[in-house]
Amino acid sequence: MKLVQFASITKKMALAAVGLFLLVFLPVHMGINLCILREDGGEWYRNACHFMGTNYIVKIFEMVLMATILLHIGVAIVLTIENWMARPVRYKVVSKSKTHFMSRYMIWTGGIIGCFLILHFINFYFVKLDIVEGKYTAEIEEVDSFFQQKAKKMQSGELGEKEQAVLVAQYQALSQLPEGKLDKSGKSLVNLSKEEVKKYCGEDFEAEPDFYTMCKEFFKNKYYSLIYLLCFVALAFHLMHAINSLAQTFGLNHSKYNKVIENFAIGFAIIVPLGFALIPIAILFLGF
Ligand code: HEM
């Protein structure tokens, strides 16, 4: 019996520990994404995405994050099934405890967030992993140096006839760049399809996802925006209970701290989802 209790507490601790890690990720992710709303043509947001996509520490963090999400989902499902099995007959008396009432819905709000994450990864993250096609961006400086290298090879006779023709076509294409393919600062090519990356930057140029253009286009779609907004409501409820529960698991439920933790949970559960929600709201309704 003691062993079962110990196993259950260990799982709760694991759930809380990974939950804490996810709680740190959320405000950071929200802060970065709010840069979409800066009226700078996407400069800040693209720079932030470039940093997130190229920095090795962030890449390690991202792997830990993915493992954490999977662990969190796995442990949450096991704990819920164990709870259900331990109580095959539903209570006839409805609990009046607010915490107990909310905790019963954690698996459902969590399930909504899980479904949201699958959709969200298909929309954005899988573009970064090159599983889904998106829109791409390339710094003019990088395109230029890539082009110069090839031009040197052409001069020294290292390129075949076909490759030379491709290079000339790239030069012509770049000199007749259509509108909307250059960012506000004139430093980057933006909103490129995969075909256009090949056309303007060269066959083997590695362009980065243009998440700024993708987010702006994405939230102009009212159905996607609505789905995201509903998920942020589920996120708010999930966070509210998660923070209280986490504090309890770590033994912080002392009359001295309870009010502070409760208020922090309410503040966090309102501010973070609201911060995320500002993005679709501003793009869809305010024309950002
Ligand atoms: C309007 C709100 C949001 C926007 C615009 C947004 C945008 C993005 C974008 C563009 C990416 C890929 C960028 C990259 O990997 O560097 C991404 C990745 C990700 N998003 Fe979001 N996101 C939003 C809300 C959320 C929410 C509410 C969650 C969690 C519940 C979430 C979880 C993630 C995760 C786990 C990743 C993959 C890890 C990462 O790349 O950082 N996102 N998001």
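# Helix packing, domains and ligand shell

H6 and H7 are oblique to each other, where oblique covers the angles left over once those under 35 degrees count as roughly parallel, over 145 as roughly antiparallel and 65 to 115 as roughly perpendicular. The model is predicted: local features need pLDDT of at least 70, side-chain atom pairs count only at pLDDT 80 or more, and totals for chains, interfaces and linings use all residues. Residues are numbered from 1 along each chain as its sequence is written. Helices (H or I, at least four residues) and strands (E, at least two) are DSSP runs, numbered from the N terminus.

**H6 with H7**
- Helix H6 (residues 140-155) and helix H7 (residues 161-175) pack at an angle of about 140°, and their axes are 11 Å apart; axes are lines fitted to C-alpha atoms, for helices over the stretch in contact, and angles run from 0 to 180 degrees between N-to-C directions.
- The crossing of H6 and H7 is left-handed, meaning that the near helix is turned anticlockwise from the far one by less than a right angle.
- Phe147, Lys150, Ala151 and Met154 of H6 make the contact with Gln164, Leu167 and Gln170 of H7 (contact: C-beta atoms, placed from the backbone, within 7 Å).
- By class, this contact of H6 with H7 has four nonpolar, two polar and one charged residues (nonpolar: Ala, Val, Leu, Ile, Met, Phe, Trp, Tyr, Cys and Pro; charged: Asp, Glu, Lys and Arg; polar: the others, Gly among them).

**H9 with H11**
- The axes of H9 and H11 cross at roughly 70° and come within 8 Å, so H9 and H11 are roughly perpendicular to each other.
- On the H9 side, Lys216, Phe219 and Lys220 meet Ile279, Pro280, Ile283 and Leu284 in H11.
- The contact of H9 with H11 has five nonpolar, no polar and two charged residues.

**Domains**
- The protein is divided into domain 1 (2-133 + 213-285) and domain 2 (136-209), with bounds from an automatic or database domain assignment.
- The C-alpha centres of domain 1 and domain 2 lie 40 Å apart.
- Twelve residues from domain 1 and ten residues from domain 2 form the contact.
- On the side of domain 1 that touches domain 2, H2, H5 and H9 each supply at least two residues, and the largest share, four residues, comes from H2.
- That side of domain 1 divides into two nonpolar, five polar and five charged residues.

**Ligand shell**
- Met52, Phe124, Phe211, Phe276 and Ile279 come nearest of the 19 residues around the ligand (near: C-beta atom, placed from the backbone, within 6 Å).
- H5 gives the largest share of the shell, five residues.
- The shell around the ligand holds 13 nonpolar, four polar and two charged residues.

Definitions and conventions
Contact = placed C-beta atoms within 7 Å.
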